[in-house]
Structure formats: structure tokens, C-alpha cells
Amino acid sequence: MLLLCGRQARTRGGALLSEKPESSQPWGSCRAEHPGKTTRLPGCHRCAPTRRAAARPASACRPSAMRCSVKRSLTAALAASFLLLLFFLHGGSRQEQDPLEVELRGLTPDTVLQLEGAQRILRDMDDLSALHNVSYRLLAGSLSPHKKFLTVGLASVRRPRGYYLPATLQSLFKQSTEEELQEMVVVVHLADTDPIWNVRVATNIAHKFAHHILLGRLLLIHAPHEFYPTLEGLKRNYNDPEERVRFRSKQNVDYAFLLAFAANLSSYYLMIEDDVWCAKSFLTAIRKALASHEGSYWATLEFSKLGYIGKLYRSSDLPRLARFLLLFYQEMPCDWLLVHFRLLLTQKDVIRFKPSLFQHMGLYSSFQGTVNRLEDDEFQADALDLPDNPPAALFTSMSVFENYEPLKAYSTAEGYFWGKDPAAGSVFSIVFQQPAHVTRVRVRTGSDERRGDFLHAGVLELGRWRRAGSWDCSAYTTVGTFEKGTFEQRGLERGMPGPVDCVRIRVTQDQSEWLIIQSIDIWTTAGT
């Protein structure tokens, strides 16, 4: 049978899979299951100064003293909240730990009022125990006994207009080779509140993709509504309407349960939406990107600049990310929370690979069916055509505007190079760490926002024989000119007698506009 309603199984993390949950335990009821179990978190002693202040004689209660007391109370509140959040992020990834209750005693009434935010965090942290007890309904598919390289996860609900899930799944499978499919599993969380819709869609998908379901490449799951936190009376941050707040808050929980389910299925997890096209061989491109960042720290790698499409995580971080989305589910949209999560894990800069591997295709939004023509203008359909960009140092004779540094035109860093007052003879140089056989170069200048800031007249040059003690080459060969701010040429290896040390962009005419270099892409032969 393809549809496995009523079947029970367990994920590697121990989460129960069943058609019906074994328990009707409400959200956050684990507190009653562990009576009398209290743990004091490190840092609760920070409340001691407030207790000492409360013990002072009445003569000390002057206005200035009261202001100091309030200041100390605020400081204690902020410190407690920060310590709790750090504990949550760095200690919460262990799925075996017991639910926590934090005892806050000996506080003055004013301090207790000002710690309301911290106490709410504590209550919500206790509610996160629901992640351990969710009985997922496995609507179709079966768990593989072997850990994969990549899990592709997406959540889907009924849209007022449009239905894109089959096209998205078709793109995922069609754009992957047989070898790539063996390293991948796709998990779809059918998260609509209507169980009839979920079963109908699961039946339809199981029929259309029976081959992939039988091979363990596609799983359809559902987290029952009784495990969700309340979706009524939520805070209306940013003055959003109640309907939008409810929609985006539920979406955060949908993804949290999906992440928790997928935590042990593979080494890496890719987040997409249910209305995207995929580039050909996107898995190979992701593996190549990971190799380029081997040994460096990262929390999130991005393969699209849209929302939460194409965001890559280590699977070991998924339990923490799931808890984070649950903790702040009503605060803001999912893509904003993902940015905060990256920053809290100390990755300051966005690491986004270009061109993008995923394109938004849906015309109608899943919220109220509004028209949404959002597209990624950096999407490229063939991921096997990604550039190599060998390790190099970058230099320019132009003045750099603010932090629009040369590296941003060549690396995965977000942004572009922006130089001031380019004149005839100004250069932008790329000096390889090791000589390379360059086969193709593509350079894009200008931007939609600053249409005049492109290279009006210039040439591209390949250099050999790097000068000792200098970041330059002793001989250059001009291989082509820029046309309307763009340069692209293949077969460059045929015009060079040997490997290249430098690639240089040279301005050949003064221009009053500044110069934006959006991207520099370089391809080399294998092994160079």
C-alpha cells in the first residue's frame, strides 16, 4: 500500500509516527508529568542585588534610590532574558533532556512585573516539550534505514487560488540525476487544518509519484492540530491584521514540526516552498558550494535571495531551529526569524551563492490568494554551469564607496563592488593564488537601481607571470571588450599559451557615473 494511514514508526530521534496520536496530551502539559522537578538555571543569582535592595531601611527610599532600584530591576530582567535565550539556543538541541522549570524566588513585586517577558519565555520553553511528543501521521512513504546527504523540506496548505505542489515535486525529481536522487529525500508536511484535504492531496501525490515513494525518496507527513500552540489572541506586531498574524504564526509552527521530523534523516537540510522551480543538478551545485566552504564556520547557506527559499542548514542545527521558531512563532514572519537565528549563531554576513538555484513560480499567494509575481532575477536553470572562481586576491585603483568592497563582486558575499570616479586607465584586478587555465569569463556591471553606473567602455585582460613581491602580472593579453556593461567570452584557453595568473578589467574611457560591478564569474579547466 502506498498510503500508510494507521501505520506506526519511529524516526531516528524517537518521534512517533502514527495515524492517530497515542495521547491527547495538550500543548505544554509536560509540566504535570514531572511534578516537583525544578532546575535553577545558572545566572539566577543575578537577582540577589534586588533582594538586598528590598532589605534596606525606609530612609533609603529616596527618589534617586528608587530610580536606581528600577534601573537594577531592568538590568536584572534583561540579563535573565538574555541568559535564558542563550541557554535555550546552545543547550536545547539535546532531544533527551527533561522539560525545565525555572524557579524565580525572592524578587520584589516591581522586579517580578518587569520580568514578565522572561517568565513568558520560560513558559514557552516548557511548551517546547511538545516537539518530543508529536505523533506525526505518515500519510505516504516509508523511512529509509540509511542516512541521506540532503533532505528537501517543504510545507503545503490549501491555497484559495492556485495549486503548485505537484509541479514543484516534478521539478525536484526531474532536475536531478539518478545518482543525485539516491542521496536525497523530499519531505512534504501537509499542514492544512482540513484532514480531508490532506488525505486527498496525499492520495493524488502518491499516485503521481509512486515510483519515488516506493524507493523512499518522498515522504508525506502531517502534525495533528492538537499539538499546535494557540493561534487565537496573538500579538499584532507591526500592526498586521489578525488574519495575517494567525497565518504567519501557524506557518512558523508548520515549519518547526517539519524541521523536528527531518533532523535525523540526512546530513544537510534544504528549505524551499511548495511553488518553486529547481535548477538542473541543484544537489551537485550544493555539494560543490559546501566543498568551497569546508573548514569555515557557517549557520546558513543561501541559494536564492527570496524569503526562505533555498536556505541550507546542517541537520544538527535543526532541533535548535525548530525550538527557535516555536519560541517566537507569533512574533514575526518565518524569513525574519531565520535571519535572527543566523545572527544568534554568530554568522554576521549573508553567504549567498550566485546564480540562484531556485525560482519562485507561484502566481497566487497561499495567504488569501493575492497575486504575487515575485521572481529571483539571479536564477539560472542549469546548475552544472556554475563558475569556479578560484581563490584569489582582489585589488582596484578606484576609490571604494563605503563598504562596497571588491570582494563582493567575486565571492558569495551579499552585495556588489561600487567604485567612485572611474577614469581611463582605472583597473580592477583578480590575482589567483595559483595559476589557472581560464576557459570562460563573465562580468556584469550596473544595477536596476543605478542604471547609469555600468562600465561604458572597457576591456578584459588575462595576465601571466606574476611579479615577485607585487599583486600584478608583467604581461597582459586583451581578450575582449565590454558591450553595454557586460562581458562574456568562452574558449579563452585557446588564445593563451599557458595558465593565467591575473584577470583584469581596465577602463578605457572617462565616465562621470560611478561603476558598479555586480558579479565576476570565472570558469577553469578541471584540476586548476
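Tyr136 is buried, at 1% relative accessible area (buried means under 20%, with a 1.4 Å probe and protein chains only). The model is predicted, so local features need pLDDT of at least 70 and side-chain atom pairs pLDDT 80 or more, while totals for chains, interfaces and linings use all residues. Residues are numbered from 1 along each chain as its sequence is written, and side-chain values use heavy atoms, without hydrogens or water.

Phe261 is also buried, at 2%. Rings of Phe, Tyr and Trp (its six-membered ring) pair if their centres lie within 6.5 Å, and planes over 60 degrees apart count as edge-to-face. By this rule there are 19 aromatic pairs. Tyr136 and Phe261 have ring centres 5.1 Å apart and planes at 65°, so they pair edge-to-face. Tyr136 sits in the loop between helix H6 (130–133) and strand E3 (137–140), and Phe261 in helix H11, so the pair ties together parts 125 residues apart in sequence. Helices are DSSP runs of H or I with at least four residues, strands runs of E with at least two, numbered from the N terminus.

Helix H11 (residues 242–262) packs on helix H13 (residues 318–327) at about 160°, with axes 8 Å apart. Axes are lines fitted to C-alpha atoms over the stretch in contact, and angles run from 0 to 180 degrees between N-to-C directions. H11 and H13 are therefore roughly antiparallel (over 145 degrees).

Elsewhere, Phe401, Tyr404, Tyr416, Trp418 and Trp514 form one aromatic cluster.

Key
Parallel < 35°, antiparallel > 145°, perpendicular 65-115°, else oblique. Phe/Tyr/Trp six-rings, centres within 6.5 Å; stacked < 30°, edge-to-face > 60°. Buried < 20%, exposed > 50% of the residue type's maximum accessible area, 1.4 Å probe, protein only.
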